[in-house]
Amino acid sequence: MSEVDRASVPVHVGIIMDGNGRWANARGLHRTQGHAQGEPALFDVVHGALDLGIQWLTVYTFSTENWNRDEYEVNFLMEFNVDLLERRRDELHELGVCVRFMGDMADPRIPPVLLDRIRSAEDLTKDNTEMTMVFAFNYGGRAEIASAAKRIAAAALDGTLAADDISADTVAAHLYIPAMPDPELIIRTSGEQRTSNFLLWEAAYAEYVFTDVLWPDFDREELARCVAEFQHRDRRFGAAVDESLKDSSR
Ligand code: IPE
Ligand code: IPE
Ligand code: MG
């Protein structure tokens, strides 16, 4: 197990779970079998995150751009989410996990049965406090910021908010889950090194860890390794490098 300093575990970790299609292709399987194989990886990571004491875990499950995939894959993913929530809801509840979905839930392309399963999982787990697990589903960072802008503009128009008073805090207060702290660490699997529209606003000062591991091969050990790598980063938030640190490295 990687050496994780338990005293400085990130409060919020985001994961871009990528590489399911390539994992399946490499085995001569259909891409959708890669998605299915991502489920045990995800639940191993949930256990690992709980064990480390991570308070918020956000997983990118479907982007606003993923509708561009072929109909068969999109339908599979919708049904897979319904199925996963039916099979895993009670287990997440028993683990004390609070389930939240984050994205454009008003999109008419989302099947009503999935919206029903989402509501029931959120409702069942709403008072749980061990960890909040956010499913970024039909999520896009640009859509999230645009939706905040729309509501801020409406408040300015109806006179409840003065345009001059709009600040970064105002925008943050209008994001999908205002109570969600910014992620300190974002992990992306499969070797790709881009955000693909994930948590654009919230990740302003996140540390990124990229790993070549394909999502179905990821597990709690890999999570611990990524957290340990994060703990070796020097986070400065725009401040000058500490002079004493420079001196000691001479
Ligand atoms: C990530 O795996 C899962 C989703 C985007 C739903 P991919 O399906 O993107 O897998 P690759 O990138 O094609 O290997
Ligand atoms: C990002 O992965 C979305 C999810 C993991 C759900 P993609 O595979 O869709 O991203 P791109 O297309 O490679 O940028
Ligand atoms: Mg991909």
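## Ala163 and the basis of the model

Ala163 counts as exposed, at 57% relative accessibility; exposed denotes over 50% relative accessible area, buried under 20%, and partly exposed the range in between, with a 1.4 Å probe and protein chains only. Ala163 belongs to the loop between H5 and helix H6 (168–173), where helices (H or I, at least four residues) and strands (E, at least two) are DSSP runs numbered from the N terminus.

The structure is a predicted model, in which local features need pLDDT of at least 70 and side-chain atom pairs count only at pLDDT 80 or more, whereas totals for chains, interfaces and linings use all residues. Residues are numbered from 1 along each chain as its sequence is written, chains are lettered from A and ligands numbered from 1 in the order in which they are written, and side-chain values use heavy atoms, with hydrogens and water left out.

## Surroundings of ligand 1

Ligand 1 is surrounded by 13 residues, the closest being Asp18, Gly21, Arg22, Arg31 and Arg69; a residue is near a molecule if one of its heavy atoms lies within 4 Å of it. By class, this shell comprises two nonpolar, six polar and five charged residues. Here Ala, Val, Leu, Ile, Met, Phe, Trp, Tyr, Cys and Pro count as nonpolar, Asp, Glu, Lys and Arg as charged, and the others, Gly among them, as polar.

The side chain of Asp18 places an N or O atom 2.8 Å from an oxygen atom of ligand 1, and a polar side-chain atom of Arg22 also lies 2.8 Å from an oxygen atom of this ligand. Helix H1 (20–25), helix H2 (31–52) and H3 each give two or more residues to the shell around ligand 1. Of the elements, H1 gives the most, with three residues.

## Surroundings of ligand 2

The shell around ligand 2 consists of Ile16, Met17, Asp18, Tyr60, Thr61, Phe62, Asn66, Arg69, Arg188, Arg194 and Ser196. Its classes are four nonpolar, three polar and four charged residues. Strand E2 (residues 56–63) supplies the largest share, three residues.

Arginine side chains approach oxygen atoms of ligand 2: a polar side-chain atom lies at 2.8 Å in Arg194, at 3.2 Å in Arg69 and at 3.3 Å in Arg188. Of the 390 Å² of accessible area that ligand 2 has on its own, the protein covers 77%.

Arg88 lies in helix H3 (residues 71–94). Arg88 is classed as buried because its relative accessible area is 17%. The side chain of Arg88 makes a polar contact with that of Glu91 at 3.1 Å; a polar contact is a pair of N or O atoms within 3.5 Å, where within protein one must be able to donate a hydrogen and the other to accept it, and residues adjacent in sequence count only if both atoms are side-chain atoms.

Gly141 is located in helix H5 (residues 141–157). Gly141 has 0% relative accessibility and therefore counts as buried. Gly141 and Thr195 are 54 residues apart along the chain, and their C-alpha atoms are separated by 9.4 Å.

Terms used
Accessible areas come from the Shrake-Rupley method with a 1.4 Å probe; for residues, only the protein chains shown count as cover.
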